[in-house]
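Here's a quick briefing for anyone meeting this structure for the first time. Have a look at it, then read on.

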Amino acid sequence: MQAVVCHGPRDYRLEEVPVPSVPDGGALVRVEAVGICASDLKCYHGAAKFWGDDNRPAWAETEVVPGHEFTGVVVELDDEARARWGVEVGDRVVSEQIVPCWECRYCQRGEYWMCAPHGMYGFKRRTPGAMAPYMTFPPEALVHKVSSDLPPAHAAFAEPLSCALHAVERANIRFGDVVVVAGCGPIGLGMIAGASARSPQHVVALDLEPGKLELAAKCGADVTVNIGTDDAEAVVRSLTEGYGADVYLEGTGHPSAVAQGLGLLRKLGTYVEYSVFKDDVTVDWSIISDDKELDVLGAHLGPGCWPAAIRMIESGGLPMDEICTHQLPLDRFQDGLDLVASGTESIKVSLLPR
């Protein structure tokens with residue numbers, strides 16, 4: 001079969017590779033759609049988080065098929081896998097992006113999304129990803145069924161949406177809160193939908209693109225701010241008697257959004273960081289401590305949020321046709337990466353292996 005193979009930064013190639021063999025206790029899956037994540041793009045561009053620098057070793061590996069947000073149809077599985085996952089041949093499924101070891105301290109405590117070896121689809125040789133017609137789920141994987149009535153690209157959106165919902169959970173949003181979401185890409189739109197479902201006083205969306213802000217309103221934002229033309233701080237203060245936002249969710253991956261969030265929050269506010277950054281971020285940490293005593297929280301992956309994400313997509317309440325803007329054949333993977341890199345021409349780009 002033809003698959004995209006990572007040979008290092010800016011060196012992804014379409015190659016002939018063998019169809020993978022089914023592991024004992026696992027499954028063979030025919031891939032229907034695989035989304036291109038911002039982290040895929042940053043790995044492609046050589047971000048230190050993936051390929052290391054003077055302060056950390058490389059985490060990503062070469063000779064790996066990328067792709068960690070996907071959906072597909074079960075082609076083959078054994079009785080052990082059938083019993084564990086509750087799926088049958090012919091079912092449409094998704095698998096959580098992390099394949100836990102189930103043996104490290106975090107996995108033993110139930111904190112599987114922080115698994116120490118951290119085998120994620122598409123970044124490690126042990127867990128090849130979905131930019132190929134077929135992939136395998138190892139027995140350690142976490143698997144969920146998805147409706148076959150959905151377009152494949154919509155079903156694959158369960159991965160970024162689950163991540164966004166986890167960030168919302170971390171924020172502990174209350175009914176009276178003013179919640180600001182920075183960025184109206186796939187993660188930001190999911191944050192907006194999740195935050196809106198918590199019924200806060202206001203959900204404020206920030207972005208530079210008018211089209212993305214219109215989409216944010218359809219996902220649940222009741223206030224939208226174009227930070228290129230409008231004063232976000234003035235808008236937020238007008239909504240909060242001058243105090244500032246209660247919660248700030250960062251989903252852009254741009255360093256400037258970090259300082260922006262620290263400035264928009266009230267004293268004792270909550271900052272949740274989800275993004276993967278290509279470059280280092282520098283801010284005045286005294287804002288976090290002496291000035292405002294903020295709660296600064298990280299969010300990683302989507303633990304426990306996959307069923308809710310799948311329900312949200314299946315319910316038809318999200319404008320999925322407008323979120324999933326581009327579906328390309330596998331041999332146009334480079335066009336897909338370039339679309340994501342442009343930042344203005346797409347929301348969610350997916351590849352559809354044949």
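**Salt bridges, helices and spaces**

D79 is exposed, with a relative accessibility of 59% (exposed means over 50% relative accessible area, buried under 20%, and partly exposed in between, using a 1.4 Å probe and protein chains only). Keep in mind that this is a predicted model: local features need pLDDT of at least 70, side-chain atom pairs count only at pLDDT 80 or more, and totals for chains, interfaces and linings use all residues. Residues are numbered from 1 along each chain as its sequence is written, and side-chain values use heavy atoms, leaving out hydrogens and water.

**Salt bridges**

- D79 pairs with R82 in a salt bridge, with the closest N and O atoms 2.5 Å apart (the rule asks for a side-chain nitrogen of Lys or Arg within 4 Å of a carboxyl oxygen of Asp or Glu).
- Both residues sit in helix α3 (residues 79-85), three residues apart, or about one turn of the helix; R82 is partly exposed at 23%.
- E69 and K348 also meet in a salt bridge, at 2.6 Å from N to O.
- E69 is in strand β4 and K348 is in the loop between α14 and β17, so this pair ties together parts 279 residues apart in sequence. (Helices are DSSP runs of H or I with at least four residues, strands are runs of E with at least two, and both are numbered from the N terminus.)
- Both ends of that pair are tucked away: E69 is buried at 1%, and K348 is buried at 4%.
- By this rule, the count comes to 13 salt bridges.

**Two helices with a buried face**

- Helix α8 (residues 210-219) has K212, L213, L215, A216 and C219 as its buried residues.
- Seen down the α8 axis, those residues fall within an arc of 160°, so they line one face of the helix (the arc is taken from the directions from the helix axis to the C-beta atoms).
- Just after α8, G220 takes a positive phi of about 130°.
- Over in helix α10 (residues 256-264), the buried residues are A257, V258, G261, L262 and L264.
- The α10 set covers an arc of only 165° around the axis, which puts these residues on the same side of the helix.

**A pocket**

- V258 and L262 turn up again among the residues lining the second largest pocket, including Y271, F277 and W285.

Note on methods
1 Å grid on protein atoms, 1.4 Å probe; cavity = no way out; pocket = protein on both sides within 12 Å on 5 of 7 lines; lining within 4 Å.
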